Amino acid sequence: MQKSYLTDIANWQDGSGVKGIPSICSAHPLVIEASMLHAMKQDAHLLVEATCNQVNQDGGYTGMTPANFRAFAEGIAKKAGFPIEKLILGGDHLGPNPWKNLPAEEAMAKACVMIEAFALAGFTKLHLDTSMGCAGEPVALPDTLTAERAARLAAVAEAALKGSDGVKPVYIVGTEVPIPGGAMEELDELEVTKPGAARETIAVHAKAFEAAGVTDAFSRVVGAVVQPGVEYGNENVIPYAPEKAKALSATLSDMPGMVFEAHSTDYQTREMLRQLVLDGFAILKVGPGLTFALREAFYGLDQIAEFLFAGKRSETLIATVERVLTADPKNWDKYYHGSESDKHIQRHFSYSDRIRYYWPQPEIDAAVKELFALLDGVEIPETLISQYLTGAYVSVRDGKVQPKARDLALAAVDRVLEDYFEACRA
């Protein structure tokens with residue numbers, strides 16, 4: 001089998017060029033397209049990941065299986081002209097989380113089916129996350145049990161690929177982050193993973209993989225998820241504080257061949273992202289920060305369309321979103337708190353960006369399509385771009401971005417991507 005591009009990621013710090021890689025955690029086609037276009041500008045590889053809740057054998061909230069997601073991503077790549085050989089697909093939080101309301105054995109059986117599907121679909125970066133308790137279990141499980149279950153999943157993936165001549169998957173272990181989907185409350189500060197806990201995570205997984213007969217798979221564990229002290233709530237962002245993570249970063253010297261994976265890096269500044277990479281957090285996950293930027297563009301275009309073509313639509317995009325989200329609150333009501341006025345603001349403007357779960361919803365999807373159809377072929381006056389899409393104004397004035405709806409939406413995502421790709425060049 002071939003080696004993964006990520007196999008020697010721990011050695012990137014010692015060479016020239018890139019020092020880390022952004023991990024694009026989104027299923028929105030415009031986000032993926034923007035990511036591919038940006039990666040092409042830098043002749044870079046692109047890592048796109050799907051979570052267990054987003055994509056699984058039952059379809060997840062996107063309705064896609066791993067094979068469907070691969071076809072979806074490759075379809076966008078073909079349209080964008082992105083070379084398929086530079087596309088890396090990852091599976092995030094692979095474990096029993098989507099079925100944790102079931103008894104552990106049932107949930108793990110489903111998790112085994114899921115990781116086999118990810119492996120067979122050619123996902124070559126697999127994050128094993130079995131830390132959550134299932135029905136009748138405590139919320140957090142002991143490290144040894146978590147590692148045993150992770151090794152069981154790795155064994156399933158390895159067996160599925162036995163005899164294949166494709167790319168061997170690399171694995172990520174550990175999960176000192178909020179559950180898939182993000183934090184469920186406002187946050188003031190976070191405790192950085194203790195160095196001893198990071199070492200213990202690797203040690204118990206090494207033993208568990210050996211016991212499960214998959215030591216070769218453990219040789220391809222290239223990283224561990226830890227908490228470097230970054231996160232965001234609905235209305236605030238906790239910035240990276242390098243001095244607090246110094247001891248944690250130093251433990252990488254005890255873990256040859258490994259890096260740290262940082263989740264929830266959304267909304268960090270470029271300088272903080274760069275510092276994370278230099279401190280060994282070489283895989284930077286970003287998802288809501290990208291769809292937050294896309295939503296800003298959609299809403300700006302919505303206001304422009306209403307100004308230019310008042311009364312042409314029966315309902316604005318933001319009105320459609322509000323109506324659908326209030327009628328179907330299951331993807332946001334556990335995460336948003338406070339008065340009805342507070343929740344109204346959060347539904348549309350929270351950093352957690354729960355709207356991202358609703359873009360595929362038929363009424364909202366139709367409203368977005370109607371918006372873009374209304375603006376199709378329209379050269380938007382730069383004064384309106386200054387008013388409603390301020391972030392794009394300078395690029396439009398400089399001729400780098402065309403004043404067209406689709407170009408402006410892609411550019412909004414691209415501005416966030418620029419921070420990540422530049423930070424990874426360090």
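1. **The barrel.** Start with the eight strands that close into a barrel, in the order β1-β2-β3-β4-β5-β6-β9-β10, with parallel pairing. From one strand to the next, the twist averages 25 degrees. Keep in mind as you look around that this is a predicted model.

2. **Where β9 meets β10.** Find strand β9, residues 259–262, and strand β10, residues 283–286: they run parallel and are joined by two bridges. If you want a landmark here, E261 stands opposite I283 in β10.

3. **Helices on the sheet.** Two helices to look at here are α2 and α3. Helix α2 (residues 66–80) packs on the sheet and touches β2 (46–51) and β3 (87–94). The direction of α2 makes about 145 degrees with that of β3. Helix α3 (residues 104–120) packs on the sheet too, touching β2, β3 and β4 (125–128). For α3, the angle with the direction of β3 is about 175 degrees.

4. **Strand β5, covered on both faces.** Next, pick out β5, residues 170–173. Which of its residues are buried on each side? V170 and I172 are buried on one side, and Y171 and V173 on the other. Here is the background: in a regular strand the side chains alternate between the two faces of the sheet. On the pairing side of things, β4 and β5 go together in the parallel sense over three bridges, and H127 stands opposite I172 in β5.

5. **Two residues with positive phi.** H93 isn't a glycine, yet its phi is positive, about 55 degrees. You'll find H93 in strand β3, and it counts as buried because its relative accessible area is 4%, where the cut-off is under 20%. S264 also has a positive phi of about 55 degrees without being a glycine. S264 sits in the loop between β9 and α8. With a relative accessible area of 13%, S264 is buried.

6. For C134, the nearest cysteine sulfur is that of C52, 11 Å away, and C134 is in no disulfide either. C112 is buried at a relative accessible area of 12%, and C134 is buried at 4%.

7. **α8 against α15.** Helix α8 (residues 270–278) and helix α15 (residues 405–425) pack at about 35 degrees, and their axes are 8 Å apart. Their crossing is right-handed. On the α8 side the contact uses R270, L273, R274 and V277. The α15 side brings in E418, D419, Y420, E422, A423 and C424. Sort these by class and you get five nonpolar, five charged and no polar residues.

8. **α10 against α11.** Helix α10 (residues 317–327) and α11 pack at an angle of about 115 degrees, with axes 11 Å apart. This crossing is right-handed. From α10 come I318, V321, E322, L325 and T326, and from α11 come H344, R347 and H348. The split by class is three nonpolar, three polar and two charged.

9. **What hides α10.** Which residues of α10 are buried? They are L317, T320, V321, E322, V324 and L325. The cover over the buried residues of α10 includes α9 (288–308), α11 and α12 (362–374).

10. **A closer look at H348.** This histidine lies in helix α11, residues 340–349. Is H348 buried or exposed? Buried means under 20% relative accessible area, and H348 comes in at 3%, so it counts as buried. Leaving out residues up to four places away in sequence, H348 touches R295, Y299, I318, V321, E322 and I355.

11. **And Y393.** Finish with Y393, in helix α14 (residues 390–397). At 23% relative accessibility, Y393 counts as partly exposed. Setting aside neighbours within four places in sequence, Y393 is in contact with E382, I385 and S386.

How values were computed. Residues are numbered from 1 along each chain as its sequence is written. This is a predicted model: local features need pLDDT of at least 70, side-chain atom pairs count only at pLDDT 80 or more; totals for chains, interfaces and linings use all residues. Side-chain values use heavy atoms; hydrogens and water are left out. Axes are lines fitted to C-alpha atoms, for helices over the stretch in contact, and angles run from 0 to 180 degrees between N-to-C directions. Helices (H or I, at least four residues) and strands (E, at least two) are DSSP runs, numbered from the N terminus. A crossing is left-handed if the near helix is turned anticlockwise from the far one by less than a right angle, and right-handed if clockwise. Contact means heavy atoms within 4.5 Å. Ala, Val, Leu, Ile, Met, Phe, Trp, Tyr, Cys and Pro count as nonpolar, Asp, Glu, Lys and Arg as charged, and the others, Gly among them, as polar. Buried means under 20% relative accessible area, exposed over 50%, partly exposed in between (1.4 Å probe, protein chains only). Two strands pair if DSSP finds at least two bridges between them. A disulfide is a pair of cysteine sulfur atoms within 2.5 Å.
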